[in-house]
Amino acid sequence: MNDFVKLGIWGVVIGIVFALLWKQGYLVRIRNYFAETQEELKKCSWPSRQELTGSTVLVMVTIALLGVFTVGIDFILTSVMRLITS
């Protein structure tokens, strides 16, 4: 019985929140926002699978080169610091 009371209270709270949102027009605004967003997404030009694959490979190569550069600079600076401190 205790679980049903909690469920009922939550149902009433959700109903009150829904009624307040409906009265103030927020639900209509949210619906309009989603409708307008859907229309704008239809206007977008999405990349083809080949373009997406090419861009992904380019990003992966760039990240690898940046990683190698960072490791190289770290090695050089570590070696210089060891020479200075020893």
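K43 is exposed, as its relative accessible area is 62%; exposed means over 50%, buried under 20%, and partly exposed in between (1.4 Å probe, protein chains only). This is a predicted model, in which local features need pLDDT of at least 70, side-chain atom pairs count only at pLDDT 80 or more, and totals for chains, interfaces and linings use all residues. Residues are numbered from 1 along each chain as its sequence is written, and side-chain values use heavy atoms, with hydrogens and water left out.

K43 has a partner: its side chain meets that of E40 in a salt bridge, that is, a side-chain nitrogen of Lys or Arg within 4 Å of a carboxyl oxygen of Asp or Glu. The structure holds 2 salt bridges, and E39 forms one with K42.

| Salt bridge | N to O distance |
|---|---|
| K43 and E40 | 3.3 Å |
| E39 and K42 | 3.6 Å |

K43 and E40 both lie in helix α2, 3 residues or about one turn apart. E39 and K42 are also 3 residues apart in helix α2 (residues 26–43), so about one helical turn separates them. Helices here are DSSP runs (H or I, at least four residues), numbered from the N terminus. E40 is partly exposed at 46%, and E39 is partly exposed at 42%, while K42 is exposed at 58%.

Now for the last stop. L66, in helix α3 (residues 49–85), is exposed at 54% relative accessibility.

Methods. Helices (H or I, at least four residues) and strands (E, at least two) are DSSP runs, numbered from the N terminus.
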